[in-house]
Amino acid sequence: MKRRVFLKQAAAGIALPWIVPASALGLDGEVAPSNRLVGIAAGMGGRGFGDLQWLLGEKDVQFVAVCDVRRGNRERAKAEVDKTNGNTDCGCYRDFREMLQKHKADFALLAPGDRWHTPMSVLCMRAGMDVYCEKPGTITIAEGQLLVKTEQEKKRIFQTGAQRVSETNFRYVKEAIRLGLIGKVHTAWAHLGYMSEHPRVNATRPEEPLPDKEELDWDLWIGPAPMRPYNHEFVRPWPVPGWYTQYDFAGSIAQWGSHTILQAQHDLGLADTSAVEYTYPTDIQREGFTIRFANGIKIVAQEDGFAVRFAGGRSAEGLPDIWHGSCGVKYEGDKGWIACADGYERPDVSSPEILQGFGDFAKEIKALRQQGLTPSNHLRDFLDCVKTRKTPRTPATTAHRTMTTNLIMDICLDLKRSLKWDPVKEAFINDDEANRLRVRKSREPYAVS
């Protein structure tokens, strides 16, 4: 621009501003708005709000809207976003569908009740968004098939929230298996958790007056599940009869197995398939639940004495101490074994020599941490994949195939018999009754197909 033209425009009051905020230019460590990932969030209870807080700490993320069927949850989330953004512009919605209509975003953070996980994920991917959805990814086998189909057809990034897959202590174990440090694995154990005490049931409770819709929208809270009379006990996840234990809202083994069975399949390189044989247990708490994969590897979903004693409640008498924490996994090969659980700095091993193979891997992790690349954060892995379009650590296929394993275990308990599964055809072998249980009818107008 020539000097005289610039002076004329300045006199007319249309010159560009002299001072531009550093954040707008991406200076001083800030990320320019054009390079930020724009997000929306739904399901802002405990887990969802925690995920939101972590994401708000990332300089390349900006949220523009939040949603929850409970007023307290959504207003708390909006306040957190507004505080980070330095304004009051964050949209705040009771109805997820309204938020989806009014806001375009790069990604969605989803942490609603389990019955909403697949429907919300599918709708977001169809709207052009990538999705981070908390586990479990699905509550029926048919839902999982729809999730994978949508991810692939819409070319979206989907990550199921199995955060242990990214945590360093569990990644040590996967690396040990990959390097052959315990030899060829033949058996794995996965923490069954407390859910074996509480088989899937639909409890009845006295009907209570409905809350004001703005305080809690009961119809939206129920969503695609069958309608039932309101009782405040169902809204909380735990204790019994919280929604964790209700057939309509969640799974039994499937709820806990979305942590540990998924972890075991991922570590063993079996996250793209499902077990083929499911042996009905006569005493699930004492002997566990054994499943077998086509390559011969067995996984035993097992109660753990240490975890039961730590959590309190029922007796742990007769239960083995397999690990020392919650959500544990253990792998046994022909050269030894390795185990890990929450809180471990390094795995338990059958002999010190097994840990010698961790030298290079441990150095690599330390170097990445020193560079601030946080390789152990599952949400960061998702954000990086949104930018690069690489496959995240737990995509829709992992969510579907591992949840299929879990859901078949639940169906096995429901039918009280052993089952055989064809993971290629995704069907039970010679069992029409079991095949009918691969799908549930969803309540209108919340059905997604």
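**Figure 1. An open sheet of nine strands with mixed pairing.** The order of the strands is S13-S12-S11-S7-S10-S9-S8-S14-S15; strands (E, at least two residues) and helices (H or I, at least four) are DSSP runs, numbered from the N terminus. The view shows a predicted model, in which local features need pLDDT of at least 70 and side-chain atom pairs count only at pLDDT 80 or more, whereas totals for chains, interfaces and linings use all residues. Residues are numbered from 1 along each chain as its sequence is written, and side-chain values use heavy atoms, with hydrogens and water left out. Strands S13 (348–349) and S15 (427–428) stand at the edges, and each has a single partner strand, so one side of each lacks a neighbour in the sheet. Two strands are taken to pair if DSSP finds at least two bridges between them. Strands of a sheet pair through backbone hydrogen bonds, in either a parallel or an antiparallel manner.

**Figure 2. The S12–S13 pair and helix H8.** Strand S12 (residues 336–340) runs antiparallel to S13, to which two bridges join it. Opposite Ala339 stands Asp348 of S13. Helix H8 (residues 168–178) lies across S12, strand S7 (185–191) and strand S11 (329–333), and runs at about 160° to S12. Axes are lines fitted to C-alpha atoms, for helices over the stretch in contact, and angles run from 0 to 180 degrees between N-to-C directions. Cys340 has a relative accessible area of 0% and is therefore buried; buried means under 20% relative accessible area, exposed over 50%, and partly exposed in between (1.4 Å probe, protein chains only). Cys412 likewise counts as buried, at 0% relative accessibility. The structure holds zero disulfides, a disulfide being a pair of cysteine sulfur atoms within 2.5 Å.

**Figure 3. Strand S14 and its two pairings.** Strand S8 (residues 277–278) pairs with S14 in the antiparallel sense over two bridges, with Leu419 of S14 as the bridge partner of Tyr278. S14 also pairs with S15 in the antiparallel sense, again over two bridges, and here Trp421 stands opposite Phe428 of S15. The hairpin of S14 and S15 has four residues between the strands, and Glu426 takes a positive phi near 55°.

**Figure 4. An open sheet of six strands with parallel pairing.** The order is S3-S2-S1-S4-S5-S6. The edges are taken by strand S3 (91–93) and strand S6 (158–160); each has a single partner strand, so one side of each is without a neighbour in the sheet. From one strand to the next the twist averages 20°. Strands S4 (residues 107–110) and S5 (residues 130–133) run parallel and are joined by four bridges, with Ala108 opposite Val131 of S5. Helix H6 (residues 117–126) packs on this sheet and touches strand S1 (37–42), S4, S5 and S6; its direction makes about 165° with that of S5. Contact means heavy atoms within 4.5 Å.

Figure 5. Eight of the 10 residues of H6 are buried, so the helix is largely enclosed by the rest of the structure. The buried residues are His117, Thr118, Pro119, Met120, Ser121, Val122, Cys124 and Met125. Their cover includes S1, helix H5 (96–102), S4, S5, H7 and S6. Just after H6, Gly128 takes a positive phi of about 90°.

**Figure 6. Packing of helix H7 (residues 141–153) with helix H16 (residues 396–415).** The two helices pack at an angle of about 175°, with their axes 9 Å apart. H7 and H16 are therefore roughly antiparallel; angles under 35 degrees count as roughly parallel, over 145 as roughly antiparallel, 65 to 115 as roughly perpendicular and the rest as oblique. H7 contributes Ile141, Gly144, Gln145, Leu147, Val148, Glu151 and Gln152 to the contact, and H16 contributes Ala396, Thr397, Ala399, His400, Thr404, Leu407, Ile408 and Ile411. These contact residues comprise eight nonpolar, six polar and one charged; Ala, Val, Leu, Ile, Met, Phe, Trp, Tyr, Cys and Pro count as nonpolar, Asp, Glu, Lys and Arg as charged, and the others, Gly among them, as polar.
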